[in-house]
Amino acid sequence: MDVVPLVSTLVGAAIGVGSTMLADRTRWVRDRRERIELAQQQLRADFIAAVARSADIVWNVANQDQPPTEDGNRCAREAFREADLYTWRYRIALSSPPEIVAGCEALLDALRR
């Protein structure tokens with residue numbers, strides 16, 4: 001019995017299966033990376049929207065024509081709390097690189113002041 005056709009068939013099958021598995025693995029890694037990046041972009045966009053809502057309320061309270069009152073201070077604190085910025089900050093800290101986390105911290109510190 002001649003084994004050359006059998007061996008060449010097995011080698012061809014191994015090459016075919018291996019290349020298909022490699023292509024599928026590469027596609028899976030790429031798709032996973034894209035999903036993670038999209039989720040991080042959405043998280044950051046939601047955080048920025050929450051900061052913008054809070055900043056608008058805080059800015060309105062701070063720029064009233066009257067001296068600061070306890071009611072205005074309470075309103076500013078509630079705006080900060082209602083936007084749930086601390087939760088957003090922790091979510092970003094868990095899934096973002098250090099430079100993004102540092103930027104978020106700086107943004108929240110500025111808004112608190």
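Mentor: Definition to begin with: a salt bridge is a side-chain nitrogen of Lys or Arg within 4 Å of a carboxyl oxygen of Asp or Glu. This is a predicted model: local features need pLDDT of at least 70, side-chain atom pairs count only at pLDDT 80 or more, and totals for chains, interfaces and linings use all residues. Residues are numbered from 1 along each chain as its sequence is written, and side-chain values use heavy atoms, with hydrogens and water left out.

Trainee: How many salt bridges does a search of the whole structure find?

Mentor: Two. In one of them, the side chains of Asp24 and Arg27 meet, at 2.8 Å from N to O.

Trainee: Where do Asp24 and Arg27 lie?

Mentor: Both are in helix H1, three residues apart, or about one turn of the helix. Helices here are DSSP runs (H or I, at least four residues), numbered from the N terminus.

Trainee: Why does Arg89 count as buried?

Mentor: Because its relative accessible area is 12%, and buried means under 20%.

Trainee: What does Arg89 touch?

Mentor: Phe47, Glu105, Leu108 and Arg112, not counting residues up to four places away in sequence. Contact means heavy atoms within 4.5 Å.

Trainee: Staying with that helix, which residues of H3 are buried?

Mentor: Leu85, Trp88, Arg89 and Ile92. They cover an arc of only 100° around the axis, so they are on the same side of H3. The arc is taken from the directions from the helix axis to the C-beta atoms.

Trainee: Tell me about Leu85. Buried or exposed?

Mentor: Leu85 is buried, with a relative accessible area of 1%. Beyond its neighbours within four places in sequence, Leu85 is in contact with Phe47, Ala50, Val51, Ser54, Phe80, Leu108 and Leu111.

Trainee: On to the core. Which residues of the largest nonpolar core touch the most other members?

Mentor: Phe47, Val51, Leu85, Ile92, Leu108 and Leu111, out of 16 residues. H1, helix H2 (70-82), H3 and H4 each supply at least two residues of this core. H1 gives the most, with six. By definition, a nonpolar core is a set of buried Ala, Val, Leu, Ile, Met, Phe, Trp, Tyr and Cys residues joined through side-chain atoms within 4.5 Å.

Trainee: Now the outside. Which residues form a nonpolar patch on the surface?

Mentor: Val3, Val4, Val7, Val11 and Ile15, with about 440 Å² of accessible area together. Patch residues have over 30% relative accessible area and no salt bridge; like charges are joined within 9 Å, nonpolar side chains (Val, Leu, Ile, Met, Phe, Trp, Tyr) within 5 Å. The areas come from the Shrake-Rupley method with a 1.4 Å probe, and for residues only the protein chains shown count as cover.

Trainee: Where does Ile15 lie?

Mentor: In helix H1 (residues 4-62). Ile15 counts as exposed, because its relative accessibility is 56%.

Trainee: Last one. How far apart in space are Val61 and Asp46?

Mentor: 23 Å, C-alpha to C-alpha, and 15 residues in sequence. Val61 lies in helix H1 and is buried, with a relative accessible area of 17%.

Notes
Buried means under 20% relative accessible area, exposed over 50%, partly exposed in between (1.4 Å probe, protein chains only).
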